[in-house]
Amino acid sequence: AHGRKGLRMNYRKANWGFLGMVLTHFAVIIALLIGRVTSMGMMTNLFLSEMMLVIPAFAALLFSREKPNRVLCFHGLKFSSVLMVVVFTFLMGPLTTLLNAISMLFVDNAVTDMSGQVLKYPFPVMLFMMAVFGPVCEELVFRGILYRGYLKSGNALKAVLLSSLLFGLIHMNFNQAPYAFALGVSMALLMEATGSLLAPVLMHMVFNAQSVVLMYVYDRFFPWLLEEQAQQIMGPEELLPTICVYLVLALICTALAGCVLVWLCRNERRQEYIRWLWQEGKDGGKKGRVVGAPLIVGIVLCLAYMILLALL
């Protein structure tokens, strides 16, 4: 069990780390505007996006003087658990599709908008950047540094929800934020069920990989579908049937995903730890503080930027 006793990476450091990410994001935008940089290559964009998360988060970890191996729990997983993590990932697919479709009632699909830029690069390059490099960086930050910092508060539920909320907000758009939040919750629960950061990293990799593979498959064999998606503005008439279908699928598959989590917990012999974590969360619920001024400022800045982006 990776207990929280003696951890110096607390919620205050985590909050400052998140604010640092947001301020770094705005600093880069301002620098690009001052330098009159109107466009940036996809590779540069992806690399910068991850560095804007990793550098402030690891700075917070450094200032906490906590040993990285006590925060970043890379314990091994049984092969059977690895297979079930993949199953769990696909079972969460309908829920993320549902949330994506609901958000498209109000805003554009951010992933479809950038598919043209992605497809300019060779498949192996994009697969590495989006399905390996990105997930590793983001899981180190959100399910590693931030989540573990909030877990120190003594309330696991608050740690799961807050780290997931920040994971959604840092995408900086209202299309990806809802399903990123749902994925954040599922990956935090997956980490606790297995006791290893490898589980959410694997889930994140599989989730992103399927999106990248589908882009290139459509481009190679069904290019007209990508053109139609790029040109078609989907309204409520087109989206509502999809939402209804995926609502049913999401209810069934998410329930099955919960069963997989229970199985993983037992397979990795984590039952007693989960019971202890749940009880400690109940006992420490009132005193488990995680919110501070830096966090509030970071969240307000994110929401303001997202609203401005949606209006423009």
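This is a predicted model: local features need pLDDT of at least 70, side-chain atom pairs count only at pLDDT 80 or more; totals for chains, interfaces and linings use all residues.

Looked up the neighbours of S81 first: leaving out residues up to four places away in sequence, S81 touches W263, L264, N267 and E268 (contact means heavy atoms within 4.5 Å). S81 sits in helix α4; helices here are DSSP runs of H or I with at least four residues, strands are runs of E with at least two, and both are numbered from the N terminus. Its relative accessibility is 0%, so S81 counts as buried. My cut-offs: buried is under 20% relative accessible area, exposed is over 50%, and partly exposed lies in between, with a 1.4 Å probe and protein chains only. I also checked S81 against A199: they are 118 residues apart along the chain, with 8.6 Å between their C-alpha atoms.

Residues are numbered from 1 along each chain as its sequence is written, and side-chain values use heavy atoms, leaving out hydrogens and water.

Next, α5 (residues 93–103). How many of its eleven residues are buried? I get eight, so I'm calling this helix mostly covered. The buried ones are G93, P94, L95, T96, L98, N100, A101 and S103. Their cover includes α4 (79–91), α9, α10 (198–221) and α12.

While on α12, I looked at L240, which is found in that helix. At 44% relative accessibility, L240 counts as partly exposed. I put L240 against I102: 138 residues apart in sequence, 8.4 Å apart in space, C-alpha to C-alpha.

Then the core. By nonpolar core I mean a set of buried Ala, Val, Leu, Ile, Met, Phe, Trp, Tyr and Cys residues joined through side-chain atoms within 4.5 Å. The largest one has 84 residues, and those with the most contacts inside it are F18, M21, F142, L146, Y150 and L166. Helix α7 (residues 123–151) gives the most to this core, 13 residues.

Most residues other than glycine have a negative phi. M172 has a phi near 60°, a positive value, and its place is the loop between α8 (156–169) and α9 (176–194). Is M172 buried or exposed? At 4% relative accessibility, M172 counts as buried. R269 also has a positive phi, about 55°, and lies in the loop between α12 (236–267) and α13 (271–283). At 70% relative accessibility, R269 counts as exposed.

Finally, the whole chain. I count 14 helices and zero strands. The radius of gyration is 20 Å, close to the 20 Å that the globule rule gives for 312 residues, so the chain is as compact as a globular protein of that length. That radius is taken over C-alpha atoms, and the rule is 2.2 Å times the number of residues to the power 0.38. The C-alpha atoms fill a box of roughly 55 × 45 × 35 Å along the principal axes. Buried residues make up 47% of the 312. Among contacts between residues at least 6 apart in sequence, 88% join residues at least 24 apart.
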